Amino acid sequence: MKKTYKNIDELFIDKFRDFEVDPPEILWDNIKQNISESNSISSNFNGNRIISVIITIISVALITSFFIFDGEKNNSVAIDPVNIISENSIQDKENIEQISIKNIENTETKEVLNKNQKVEKETQANTITDIEPKIEKSEIETKTEKELVETKVKYPEPEKEEKLVAKAINEIKEEPVYSKSEEIQFASSDNNNIIYNNEVVTSDSFKTAIVSQPIISIEEELVQNIIDKSDNNIEKPNLNILEVKNTDNQQQDVIDENIISRNRIKPQISLGAYFTPEVIFYPVGNDVNKNAYTFGLGLNLNYNGFVIESGLGFNFSEDKGDYIIDYEEYLGSYEDLLNITFDTSGQTVEPIFHTTTVEVYDSLNKVSISAAKNSYTYLQIPLFVGFVKNNRRISYTLKGGPIMSFMINKNIPDVVLPEDKIKIIKIDRNIPTRINTNWQFAINVGFAYKLSNHLNISIEPTFRYYLRSVYNNDNSIISTKHPYSLGVRTGLIYKF
Amino acid sequence: MHSEKDFIDRCINNDAKAQEAMYKRYAPKMFGVCLRFAKNKIEAEEILQEGFIKIFANLKNFRHEGSFEGWIRRTIINTAINYFKKKSRRFVEIDIDDIKTSKITDESILDKISVNELLNLIQTLPNGYRTVFNLNVIEGYTHKEIGKKLSISENTSKSQLSRARAILQKKVINLINVGL
């Protein structure tokens with residue numbers, strides 16, 4: 001039975017309804033091989049992705065905790081040794097002044113001191129060269145001094161440490177405190193022998209010990225001394241140089257803290273020139289991926305491990321598409337006779353032909369499809385915040401923030417006609433048009449290498465997510481999609 | 001007996017036998033689709049291969065909400081469209097002279113034309129015409145859908161379809177006149 005078809009559509013629909021053709025066997029082999037390869041890659045990728053995520057999380061946590069809990073240590077690198085010395089000197093002066101003030105206020109102490117001097121002169125004691133006091137010395141001391149020494153020497157009965165500490169503090173309050181100036185005075189007036197803690201010691205040892213030793217350390221030593229006595233160790237304060245140095249170190253730490261705190265609030269400013277090539281991905285197919293390039297200047301403010309950056313950039317992007325032109329081909333022209341008039345002014349009658357030129361185009365349409373390329377320039381203003389970690393010559397950064405893009409120039413070339421003289425019926429532009437303003441959110445992870453004290457180079461892999469499509473909402477499907485881009489931001493940075 | 005869902009799940013879990021069975025079940029029909037969209041057999045094989053790789057890679061995304069065969073067919077058609085999108089960015093000029101003069105006078109004679117002859121006719125069409133004709137006439141897509149898929153306007157789709165029809169009509173008449 002013959003079928004009849006009303007039109008050509010029915011013919012094709014009917015014939016192709018159950019149209020099947022066996023494909024070559026080799027196709028399945030290719031597909032099978034590809035599937036197995038992609039499965040192995042996929043499983044490896046999943047594993048690598050998990051490891052990468054874990055490493056990233058750990059790295060971010062470490063970097064963050066480093067900046068939060070260890071920021072002070074990082075800044076100590078920037079301390080100027082000259083400043084430390086001068087600060088130390090100032091601190092020493094302050095200690096000496098403190099001692100002097102205490103001496104001046106304590107008039108009773110001065111009196112005791114005078115008594116000591118008198119006693120020394122009266123008894124004409126032998127010079128004691130050893131810094132360790134000796135028990136025999138108590139014989140040549142005054143009654144008050146004897147009591148003090150006996151208090152220190154005896155301790156047959158064990159006392160609790162708390163009581164001893166309290167007692168020692170009371171003792172130190174009663175005992176004289178010497179200033180540097182007083183010590184010098186004694187040395188010059190008394191054959192280099194002076195009295196310290198009611199004992200005669202050589203001025204050389206004492207000078208070394210007392211010059212930079214603050215009152216508190218003397219108190220501490222006495223307390224420690226009393227505690228030691230509770231263990232039946234009868235010792236006088238050990239004024240050796242090492243302990244003085246330890247005290248100096250403690251002072252140094254205090255000074256360091258002060259200097260660090262001053263340095264911490266000093267921000268570091270740098271200016272960078274950047275170049276960023278990037279590939280923009282559209283989630284509608286591989287053939288609409290775009291390339292873009294950005295040149296920019298960025299101003300960085302590095303503040304105690306945190307960084308804030310802004311600047312200006314010029315982004316250059318291109319779109320490729322098609323123009324489809326429906327046209328009629330030019331065939332030629334002819335002169336169309338409008339009318340004829342006759343000139344009878346002369347002896348003969350002259351006909352005058354009034355014509356118009358008519359162009360002739362082929363009545364059959366032609367189609368021309370030509371490639372098109374539109375170029376755009378954007379002004380971009382980024383605002384990044386993040387962290388920076390300095391490690392000798394290399395510093396690591398993690399930054400993120402919004403970028404605002406303004407279109408400042410566009411170059412949309414005219415349609416290229418297939419022939420000079422044609423009659424255009426219609427032009428379809430299969431190339432989307434762009435919007436003037438768009439926002440992106442970018443994350444940069446990178447490092448900078450220190451070329452000199454002021455110059456660094458940096459490389460920052462960049463991920464950028466477009467908060468809306470860059471295209472107008474026309475008939476193009478990509479206008480509804482959010483593209484993203486991957487790029488590498490390279491820069492030359494000058495630190496002020 | 002295993003359901004279609006179990007069958008698909010086995011394919012997702014990389015069961016090689018299930019994958020091969022699925023391919024053998026649907027490949028002949030899909031190869032027919034590819035031949036219609038392609039210019040020749042080699043292109044059709046490339047599209048089929050690429051399409052089935054995509055199918056196996058994206059099987060986990062199939063939601064079991066519609067026909068599985070329909071999902072496979074759409075994947076193959078999308079693969080074909082992307083395949084030709086990559087190739088379509090070049091200057092093409094098509095001469096479509098004396099189309100308007102062609103008329104089919106005896107519809108009954110059309111039945112004598114084989115499917116392979118019609119396939120050859122379709123494959124001679126320019127890529128854009130062939131794609132629009134296939135999508136609209138045989139696959140049933142609207143011009144709006146075609147416009148979105150091909151990133152062209154609705155009117156362009158319509159005009160390309162009318163031209164494709166005209167060309168095919170002319171070639172069918174020539175075929176009848178020469179061969180029958």
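Residues are classed by relative accessible area: buried means under 20%, exposed over 50%, and partly exposed in between, with a 1.4 Å probe and protein chains only. The structure is a predicted model, in which local features need pLDDT of at least 70, side-chain atom pairs count only at pLDDT 80 or more, and totals for chains, interfaces and linings use all residues. Residues are numbered from 1 along each chain as its sequence is written, chains are lettered from A and ligands numbered from 1 in the order in which they are written, and side-chain values use heavy atoms, with hydrogens and water left out.

Chain B contains 8 helices and 1 strand. Helices (H or I, at least four residues) and strands (E, at least two) are DSSP runs, numbered from the N terminus. The order of elements in chain B, from the N terminus on, is α-α-α-α-β-α-α-α-α. Of the 180 residues in chain B, 49% are buried. A contact is defined by heavy atoms within 4.5 Å. Among the contacts in chain B with a separation of 6 or more, 72% involve residues 24 or more positions apart.

The interface between the two chains was examined next. Here 46 residues of chain A contact 60 residues of chain B. About 5100 Å² is buried between chain A and chain B, and carbon and sulfur atoms give 62% of this area. Buried area is the accessible area (1.4 Å probe) that two parts lose on being put together, summed over both. The rule finds 5 residue pairs in polar contact across the interface of chain A and chain B, both residues being at pLDDT 80 or more. A polar contact is a pair of N or O atoms within 3.5 Å; within protein, one must be able to donate a hydrogen and the other to accept it, and residues adjacent in sequence count only if both atoms are side-chain atoms.

On the side of chain A that touches chain B, at least two residues each come from helix H1 (8-16), helix H2 (25-69), strand S5 (306-343), strand S6 (350-391) and S8 of chain A. S6(A) provides the largest share, 8 residues. By class, this side of chain A has 22 nonpolar, 11 polar and 13 charged residues. Ala, Val, Leu, Ile, Met, Phe, Trp, Tyr, Cys and Pro count as nonpolar, Asp, Glu, Lys and Arg as charged, and the others, Gly among them, as polar.

A salt bridge is a side-chain nitrogen of Lys or Arg within 4 Å of a carboxyl oxygen of Asp or Glu. Arg163(B) pairs with Asp326(A), with the closest N and O atoms 2.3 Å apart. Arg165(B) forms a salt bridge with Asp9(A) at 2.6 Å, N to O. This pair crosses from helix H8 (residues 154-179) of chain B to helix H1 of chain A. Arg165(B) is partly exposed at 29% relative accessibility, whereas Asp9(A) is buried at 13%.

Salt bridges also form within the chains. In chain A, Arg464(A) meets Glu278(A), the closest N and O atoms being 3.7 Å apart. Arg464(A) lies in strand S10 (residues 455-466) and Glu278(A) in strand S3 (residues 268-281), 186 residues apart. Both residues of this pair, Arg464(A) and Glu278(A), are buried. In chain B, Arg36(B) and Glu139(B) are joined by a salt bridge of 2.7 Å, N to O. Arg36(B) lies in helix H2 (residues 16-37) and Glu139(B) in the loop between helix H6 (127-138) and helix H7 (143-150), so the pair ties together parts 103 residues apart in sequence. Arg36(B) and Glu139(B) are buried. Salt bridges that share partners link Glu309(A), Lys399(A), Glu460(A) and Arg489(A) in one network.

Three further positions in chain A were examined. Lys366(A), in strand S6, is buried at 9% relative accessible area. Its side chain makes a polar contact of 2.8 Å with the side chain of Glu329(A). Ser405(A) lies in strand S7 (residues 394-411) and is buried at 1% relative accessibility. The side chains of Ser405(A) and Gln380(A) are in polar contact at 3.0 Å. Ser405(A) and Leu379(A) are 26 residues apart in sequence, with 5.5 Å between their C-alpha atoms. Pro432(A) occupies the loop between strand S8 (422-430) and strand S9 (437-450). Pro432(A) is buried at 10% relative accessibility.
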